[in-house]
Amino acid sequence: MSTDTAIRVQELHKNYGDVYAVRGISFDVHAGEIFSLLGPNGAGKTTTISMVSCLLEPTQGDVSVVGHSIRRDPMGVKAAIGVVPQEIALYEDLSARENLTFWGKMYGLRGSALRQRVNQVLEITGLAERQKGRTGKFSGGMKRRLNIGIALLHRPQILIMDEPTVGIDPQSRRNILDSVKEMNRQGTTILYTTHYMEEAQELSDHIAIMDHGELIAYGTHDELVEIVGEMDRITLMISAESASVMERWRTTDGVHQITAEDGTLNLLVDDSNVVLPRLFESATQAGTRITSVEIQEPNLEAVFLHLTGRALRD
Amino acid sequence: MKLLDIAIKDLLRSFRSAFALVFMFVIPLLTVGLFYFAFGGLGGDDGFDLAATKVQVVNLDEPGSEYGDFSAGHMLVDLLESENLSGLLEVSEASGPARARAAVDAQEAAVAVIIPADFTGAALGAGSAAVELYQDPTLTLGPGIVKSFVSQIVDGFAGAKIATGVAVEQLVEQGVSASDAEALKQEINLAYGQWATELGEAHQDGANPLLDVQSTGDAGEEGTESLTQKILSTTMVGMMIFYAFFTAANASESILREEEAGTLPRLFTTPTPQSTILGGKLLAVFVTILVQVIVLVVIAALAFGVAWGAPLPLALATLGLVVLASSFGVFLTSLLKNTKQTGIVFGGVMTVTGMVGISSVFTASVPAASDASQVAHTLSLLMPQGWALHGWRVVMDGGGVSDVLVPLAVMLALGAGFFVIGVLRFRKRFA
């Protein structure tokens, strides 16, 4: 493992009987970068980071975290990481300060170092003025901030964040994304999971796309987008479901892929400016009317659609 | 150190929970408090202010002329109506058996005592007769007291009858003719009747009473535990044990609650050994029960005057209870998959084992229920709560260290067994 590799995942498997949650994935996370695991719900992201953070034992394979094997030296791994779970994991009958103090002790902090770090994290999370309030009475955004703050207490080399923006308002989400970038700017390596394409796109130095427990693509944002080349993604809605118009479009010159979900059609096309008039013409010939059109430049959503035939939101 | 941090955190959370506090302290004390008020605990220093039991007496006894002026039925009525029992019994004579039974059915009386027509003849001569006690089935204490008094009189006559019978047989064996022996028997019976009548008259005058009923105040001074105090004490220890086991189960359930809330998995991501995490949580369960028991013991002693026994045996009984209740809670919780099952399992298992385990509490102090008490005691020893109760009652009955060693050893052995099974199951679960 090179000196700048913070996490090395090697042939990692996890299965529960006949159910395979993770199927032999491998990737490296470089020190100082933000690395995103992108994939729909059930792709195996949480299972993967649960193994990285020593919560689950792999069926096969190993993970090295700053040189510590999760199999041979789990305590070394745990000392190096801070974990932000997807669900808020706080003691709601304790105050913010009591929560931070307790978790700080669990990370080995004591005495004045603990008090100092608790004060700092209260400032970072913007909870200093509410530090004595029971966390059970906090807003969802405040709980999220405290949930992240706990993982920062011991200044971990690596921060593992499992979908930290699920179910929160746009403003809180924005704050979290900004704080992730700030923590990374200060030198923390971040392993981030999400099913929001735009989050992975905004934050990540490298992205691994997962589906059904497998790693289906890996690279920088630009490298991944190159998979679909210059193709545009067109999302259409038509006045009535029509098999004939689907057939016509499938054979239309410049259309590479077409999928239908919930009355919405997703197409990958060479150049939307050229292909779109042909689609309108075919629809008219099939007796169908296009009611809405959305054109997107090549992005991770298109990559996922191209690789799996399904939209990422599934 | 982390073990203590985890235990302190759990204790802080437990003692901030209003529900837990009510369950741990308020309900046990409230239950005993109800008994305290029911027995007139606030009535002053007299102590035994138990409401007098209403008794309807029907005396159908018609002694034959061979017994002179003596009437066993009359003697029994005099006893029940005596001044000494006026605090316990409120006796009135009914016009007939039907009227007396009707009074009980209408709950105007707790018990009817119906003395048969040939009572004196059966008591002193040949044949047999039965005094009928017709009681309100919902009551135990008052009818039990009446039964106790009636039994003493009837047993006295039966004893005398057996004695004269044996005397006659021996006289015949010694060569005395049967007719002479029978005449002698009649003479003894008459003498016994005369003696009993004189005793009854003396009793009416307040001298040489047949029964010496002492008040609780006097009993305390003489070192004898009062009935009220005994009821309160046994109820208190029963409630304390019953709820200590519930508290242990509830405290152990925090492992499941933390698992579901995500804080336990999060703890497992910190550089803290799993054994330390589980150890801290178990220590919190142990300390929670210890605090509960100490608080209840102190409050019960101060508020209700419960005498818990000598300090060292009491400390050993406390140790046994805390270990056994904690480990049983951990064991039971380790059998559950999630907190949705706790209501059924804790409610069912804890209630059944708890009620069987402390059932002797409800019979031990009732004079009429000595047989039931023995059965309840035997059954209770099949439950962990029963051994805890046994140990505590040994101490409360004045037992010393050596007396409490056996129940303590059983409690610790059971506790160790439950603890090992529970911890092994949790370790496997979180491996």
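A crossing of two helices is termed left-handed if the near helix is turned anticlockwise from the far one by less than a right angle, and right-handed if clockwise. The structure examined here is a predicted model, in which local features need pLDDT of at least 70 and side-chain atom pairs count only at pLDDT 80 or more, whereas totals for chains, interfaces and linings use all residues. Residues are numbered from 1 along each chain as its sequence is written, with chains lettered from A and ligands numbered from 1 in the order in which they are written.

By the handedness criterion, α9(A) and α10(A) cross in the right-handed sense. Helices (H or I, at least four residues) and strands (E, at least two) are DSSP runs numbered from the N terminus. Helix α9 (residues 243–250) of chain A packs against helix α10 (residues 272–285) of chain A at an angle of about 145°, and their axes are 9 Å apart; axes are lines fitted to C-alpha atoms, for helices over the stretch in contact, and angles run from 0 to 180 degrees between N-to-C directions. On the α9(A) side, A:Val245, A:Arg248 and A:Trp249 meet A:Leu279, A:Ser282, A:Ala283 and A:Gln285 of α10(A), contact being defined by C-beta atoms, placed from the backbone, that lie within 7 Å. This contact comprises 4 nonpolar, 2 polar and 1 charged residues, where Ala, Val, Leu, Ile, Met, Phe, Trp, Tyr, Cys and Pro count as nonpolar, Asp, Glu, Lys and Arg as charged, and the others, Gly among them, as polar.

Strand β8 (residues 189–194) of chain A is mostly covered, with 6 of its 6 residues buried. A residue is buried if 20 or more other C-beta atoms lie within 10 Å of its own, exposed if 12 or fewer, and partly exposed in between. A:Thr189, A:Leu191 and A:Thr193 point one way from β8(A), and A:Ile190, A:Tyr192 and A:Thr194 the other way. Strand β3 (residues 34–38) of chain A runs parallel to β8(A) and is joined to it by 5 bridges; strand β7 (residues 158–162) of chain A also pairs with β8(A) in the parallel sense, over 5 bridges. Pairing requires at least two bridges found by DSSP between the strands. A:Ile190 of β8(A) stands opposite A:Ile34 and is the bridge partner of A:Leu159.

A:Leu191 is among the residues that touch the most other members of the largest nonpolar core, which has 148 residues. Such a core is a set of buried Ala, Val, Leu, Ile, Met, Phe, Trp, Tyr and Cys residues joined through C-beta atoms within 7 Å. Helix α9 (residues 227–252) of chain B gives the most to this core, with 15 residues. Another core, of 31 residues, lies apart from it and includes B:Val111 and B:Val113.

In chain B, an open sheet of 4 strands has the order β2-β1-β3-β4 with mixed pairing. Because β2 (89–93) and β4 (132–135) of chain B stand at the edges with a single partner strand each, one side of each lacks a neighbour in the sheet. Neighbouring strands are turned by 20° against each other on average, direction ignored. Strand β3 (residues 111–115) of chain B runs antiparallel to β4(B), to which 4 bridges join it, and B:Val113 has B:Leu133 as its bridge partner in β4(B). Helix α4 (residues 97–105) of chain B lies across β1 (53–59), β3 and β4 of chain B and runs at about 165° to β3(B).

Technical notes: Two residues are in contact if their C-beta atoms, placed from the backbone, lie within 7 Å.
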